[in-house]
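Q: Can you walk me through this structure? I would like to start with the core and then move on to a few local details.

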Amino acid sequence: MIIKDELAEHRDPVRELHIAAFPDDTEANLVDRLRADSDAVISLVACDRSRVIGHVLFSVMSAPFRALALAPVAVAQSHRCKGVAASLINDGIARARNEGWEGILVVGEPAYYSRFGFSMEAAQGFASPYAGPYFMLLDLTEGDLAGKSGDVQHAPAFAALG
């Protein structure tokens with residue numbers, strides 16, 4: 001498996017991957033809209049030979065710090081539970097850290113995302129339509145975000161999710 005930046009040639013396979021991974025085309029449409037709006041910051045694919053088997057997208061957020069949102073992530077059924085998603089997420093986090101982003105927010109299962117350092121407690125001071133038990137923050141500043149608060153907004157494409 002090789003993880004690399006998503007290229008134009010990956011767009012159709014990435015769309016097909018999201019459609020296969022989720023109940024409908026909502027996530028695939030979200031990816032398309034984030035790209036079209038230039039809000040996609042980090043978009044990585046996992047490839048097995050020339051086949052796209054995984055994808056993760058990090059998009060810009062409006063926040064009182066340099067923030068990204070992690071969503072969506074998808075892995076081909078045949079490659080699930082083999083570390084593909086974890087590798088994509090870890091590579092995306094490393095890239096975000098290297099590019100000077102201060103935090104990453106995710107709405108997801110705490111038991112899964114906490115292994116990457118995401119924390120519900122770290123996100124508690126931030127107001128969002130997604131705030132709640134699945135709203136988590138990964139502080140990339142080694143604690144500089146502790147005690148900060150304010151409004152955080154996902155890219156406009158997320159509004160279509162309802």
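Q: Which residues in the largest nonpolar core touch the most other members?
A: Val56, Leu70, Ile93, Ile104, Tyr113 and Phe118, out of 41 residues in that core. A nonpolar core here is a set of buried Ala, Val, Leu, Ile, Met, Phe, Trp, Tyr and Cys residues joined through side-chain atoms within 4.5 Å. Buried means under 20% relative accessible area, exposed over 50% and partly exposed in between, with a 1.4 Å probe and protein chains only.

Q: Which element gives the largest share of this core?
A: α3, with seven residues. Helices (H or I, at least four residues) and strands (E, at least two) are DSSP runs, numbered from the N terminus.

Q: Before we go on, what sort of model is this?
A: This is a predicted model, in which local features need pLDDT of at least 70, side-chain atom pairs count only at pLDDT 80 or more, and totals for chains, interfaces and linings use all residues. Residues are numbered from 1 along each chain as its sequence is written, and side-chain values use heavy atoms, with hydrogens and water left out.

Q: Back to Phe118. What is Phe118 in contact with, leaving aside its neighbours within four places in sequence?
A: Leu70, Ile93, Ile104, Leu105, Val106, Tyr113, Met136, Leu137 and Leu138. Contact means heavy atoms within 4.5 Å.

Q: Which residues form the aromatic cluster?
A: Tyr112, Tyr113, Phe116 and Phe118. Rings of Phe, Tyr and Trp (its six-membered ring) pair if their centres lie within 6.5 Å; planes under 30 degrees apart count as stacked, over 60 as edge-to-face and the rest as tilted.

Q: How many aromatic pairs does the structure hold?
A: Five. One of them is Tyr112 with Tyr113, which is edge-to-face because the planes are at 90°, with the ring centres 5.0 Å apart. Tyr112 also pairs edge-to-face with Phe116, at 5.4 Å centre to centre and 65° between the planes.

Q: Is Tyr113 buried or exposed?
A: Buried, with a relative accessible area of 10%. Phe116 is buried too, at 11%, whereas Tyr112 is partly exposed at 22%.

Q: Switching to strands. How do β2 and β3 pair?
A: In the antiparallel sense, over eight bridges. Two strands pair if DSSP finds at least two bridges between them. β2 and β3 form a hairpin with two residues between them, and Arg49 in the turn has a positive phi of about 60°.

Q: What stands opposite Ile3?
A: Ala46 in β2. The bridge partner of Ala46 in β3 is Gly54. Strand β1 (residues 2–5) and strand β2 (residues 40–48) run antiparallel and are joined by four bridges.

Q: Last topic: which residues of α2 are buried?
A: Glu27, Ala28, Leu30, Val31, Leu34 and Arg35. They cover an arc of only 160° around the axis, so they are on the same side of α2. The arc is that of the directions from the helix axis to the C-beta atoms.

Q: What do they pack against?
A: The buried residues of α2 pack against α1, β2, β3 and β4.
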